[in-house]
2 protein chains.
Amino acid sequence: MTETAHRTARVSTPPAAETGIERLYSSELANETEFLAARARSVGSRRANEELAALDLKVRSYSVLSLVCSGLNPSQRELAEFLFLDPSQIVALVDQLEKRGAVKRKADPRDRRSNIITPTAAGKRLYAEAAAIVQAAGDHALSALSPAERDQLRDLLRRVAFADQQG
Amino acid sequence: MTETAHRTARVSTPPAAETGIERLYSSELANETEFLAARARSVGSRRANEELAALDLKVRSYSVLSLVCSGLNPSQRELAEFLFLDPSQIVALVDQLEKRGAVKRKADPRDRRSNIITPTAAGKRLYAEAAAIVQAAGDHALSALSPAERDQLRDLLRRVAFADQQG
DNA sequence: TATTGTTATACTCTATAACTATA
DNA sequence: TATAGTTATAGAGTATAACAATA
């Protein structure tokens with residue numbers, strides 16, 4: 001992202017390749033890590049959203065359902081912090097999942113202000129279906145990479161994603 | 001602008017395993033590449049947006065400005081396709097940049113339906129300032145990685161981001 | 001007839017503040 | 001006084017369709 005930007009400098013003057021946008025691949029923007037991460041995520045989440053629509057879910061609600069089904073008994077506050085979402089958005093997401101009988105709110109006995117979210121049996125089944133869909137979509141999005149490269153990418157991303165917490 | 005207000009409560013709290021959300025790192029979701037990409041991008045673009053606000057820009061408008069200043073003379077249609085944005089959104093973004101004198105529209109002599117967007121001198125100066133900010137924000141976001149690892153991450157992301165075009 | 005840019009519109013997502021009940 | 005959840009609302013972002021000019 002730094003001095004490496006002009007390592008992949010422009011491929012001479014554009015031959016005005018008519019309608020193709022491939023020529024923009026050589027732009028500086030197309031070599032910025034953040035732009036690439038945004039585009040990669042966009043490619044993946046678009047497909048995931050399309051597939052999840054069959055279960056009336058989106059990546060957002062799937063993420064909540066996944067954490068609720070993790071066995072870690074998250075509170076709404078924890079869901080908000082972990083997903084970088086405002087608590088008020090969690091309310092809406094949990095409302096949706098609760099309305100369809102996938103999750104339940106229950107007061108934390110140790111702090112009755114806190115709602116612990118747990119899955120129902122139907123919620124667990126829904127998650128199993130959704131997880132398979134998301135995994136398939138992810139495999140498709142990463143089909144350009146070998147298994148080893150996928151592991152590599154995931155590990156690098158994890159270190160960036162949690163850099164502030166892990167120091 | 002104070003979007004992190006709800007997230008600033010953990011400043012002086014000791015690493016107590018009770019209230020922390022670190023326990024959610026072990027969830028399945030935290031090991032999904034797509035989730036990690038979304039979170040990594042969120043970390044980076046939040047900072048970039050905060051810094052770019054000093055220039056009255058956002059990552060969205062910066063991306064347009066960057067492509068316009070690349071010397072590749074993109075049309076609005078090309079900007080839309082490359083940035084995964086609707087053409088109508090490009091209209092608004094180019095309007096903003098044109099209104100502040102950073103870019104100009106000019107009809108493509110070979111197809112007068114098409115608007116070729118070019119930077120003004122002021123636009124080039126604005127881009128130079130913005131690029132430095134974005135680069136600094138990117139370096140900060142990737143500070144957990146070594147230079148070699150950053151290259152590795154960028155190359156892996158590029159292959160994923162352009163997998164459909166490159167085959 | 002198809003495409004580029006444009007406008008208008010509706011919908012979703014996100015941010016913010018105020019309120020309650022607990023602590 | 002502070003925090004978890006809730007509600008309401010405004011703003012930003014996004015998607016869609018219709019239109020004029022051009023091909």
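A residue counts as buried under 20% relative accessible area, as exposed over 50%, and as partly exposed in between (1.4 Å probe, protein chains only). Please keep in mind that this is a predicted model, in which local features need pLDDT of at least 70 and side-chain atom pairs count only at pLDDT 80 or more, while totals for chains, interfaces and linings use all residues. Residues are numbered from 1 along each chain as its sequence is written, chains are lettered from A and ligands numbered from 1 in the order in which they are written, and side-chain values use heavy atoms, with hydrogens and water left out.

Let's begin where the two protein chains meet. Taking contact as heavy atoms within 4.5 Å, 73 residues of chain A and 72 residues of chain B take part. About 7,400 Å² is buried between them, 63% of it from carbon and sulfur atoms; buried area here is the accessible area (1.4 Å probe) that two parts lose on being put together, summed over both.

Salt bridges (a side-chain nitrogen of Lys or Arg within 4 Å of a carboxyl oxygen of Asp or Glu) number 4 between chain B and chain A. One of them joins A:R159 to B:E149, with the closest N and O atoms 2.9 Å apart. Another salt bridge pairs A:E149 with B:R159, at 2.9 Å from N to O. This pair runs from helix α6 (residues 147–161) of chain A to helix α6 of chain B; helices are DSSP runs (H or I, at least four residues), strands likewise (E, at least two), numbered from the N terminus. A:E149 is partly exposed at 22% relative accessibility, and B:R159 is partly exposed at 31%.

In chain A, A:D151 pairs with A:R154 at 3.3 Å between the closest N and O atoms. These two residues are about one helical turn apart, because they lie 3 residues from each other in the helix. A:R154 is partly exposed, with a relative accessible area of 22%. In chain B, B:R154 and B:D151 form a salt bridge at 3.2 Å, but B:R154 is buried, at 1% relative accessibility.

Finally, turn to DNA strand D. A backbone N or O atom of A:R77 lies 2.5 Å from a phosphate oxygen of DNA strand D.

Methods: Polar contact = N/O pair within 3.5 Å; in protein donor to acceptor, adjacent residues only side chain to side chain.
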